[in-house]
Amino acid sequence: DPYKNVWKGVYYYPVLQWMRVLGKENVMVVSYEELTRDTKNLLPRLLEFVGLCSEGVDLDAMIAATRANKTPKKRDDMIEEHGSGRTPESVKAVKDFFAPWNERLYELTGERFPWDYKE
């Protein structure tokens, strides 16, 4: 299926399934962008969500130990170095494809995610 990888980007169904199984209150959805760009503010929320106290926790040590922090190059750096391979037409086609699925995800989670990439 040539669209197999595209469908992996439709997060609505997996999130819906987890919410059905565990209950909406037991599912926290975090974007990769937030994880890698705002880790220090995200960690206390994650700890609280799983029932742990972040008071006295060395957040810098936790961040240093995360895989996301060890990613060699950020997405924007890779695009700047190698180009994105995108055209205005391909960006529009991708946005048009994902728009209804992202809207469903927003309705499900009540949260907007930073997936509107610069053209």
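Me: Is Phe97 buried, partly exposed or exposed?

Reply: The model is a predicted one. Buried would require under 20% relative accessible area and exposed over 50%. Phe97 has a relative accessible area of 29%, so Phe97 is partly exposed.

Me: Which aromatic pair does Phe97 form with Phe98, stacked, tilted or edge-to-face?

Reply: The ring centres of Phe97 and Phe98 are 5.0 Å apart, and the angle between the planes is 85°. Planes over 60 degrees apart count as edge-to-face. The pair of Phe97 and Phe98 is therefore edge-to-face.

Me: How many aromatic pairs are found in the whole structure?

Reply: One of them joins Trp7 and Phe97, edge-to-face, at 5.3 Å centre to centre with 80° between the planes. A search of the whole structure gives a total of 6.

Me: How many residues apart in sequence are the parts that the pair of Trp7 and Phe97 ties together?

Reply: Trp7 belongs to helix H1 (residues 4-7). Phe97 belongs to helix H7 (residues 88-109), so the pair links parts whose separation in sequence, in residues, is 90.

Me: Which residue lies over the face of Tyr12?

Reply: Tyr12 is a member of one aromatic cluster, together with Trp7, Tyr13, Phe97, Phe98 and Trp101. At 5.6 Å from the ring centre of Tyr12, over its face, lies Arg104.

Me: What relative accessible area does Leu22 have?

Reply: Leu22 is in helix H2 (residues 12-22). With Trp18 and Val21, Leu22 forms a nonpolar patch on the surface. Leu22 is partly exposed, and its relative accessible area is 41%.

How values were computed: Residues numbered from 1 in each chain as written. Predicted model: local features only at pLDDT ≥ 70, side-chain atom pairs only at ≥ 80, totals over all residues. Heavy atoms only, no water. Patch = residues over 30% accessible without salt bridge, like charges linked within 9 Å, V, L, I, M, F, W, Y side chains within 5 Å. Areas by Shrake-Rupley, 256 points an atom, 1.4 Å probe, with all protein chains shown as cover. Salt bridge = Lys/Arg side-chain N within 4 Å of Asp/Glu carboxyl O. Helix = DSSP H or I, 4+ residues; strand = E, 2+ residues; numbered from the N terminus. Buried < 20%, exposed > 50% of the residue type's maximum accessible area, 1.4 Å probe, protein only. Phe/Tyr/Trp six-rings, centres within 6.5 Å; stacked < 30°, edge-to-face > 60°. Lys NZ or Arg CZ within 6 Å of the ring centre and 35° of its normal.
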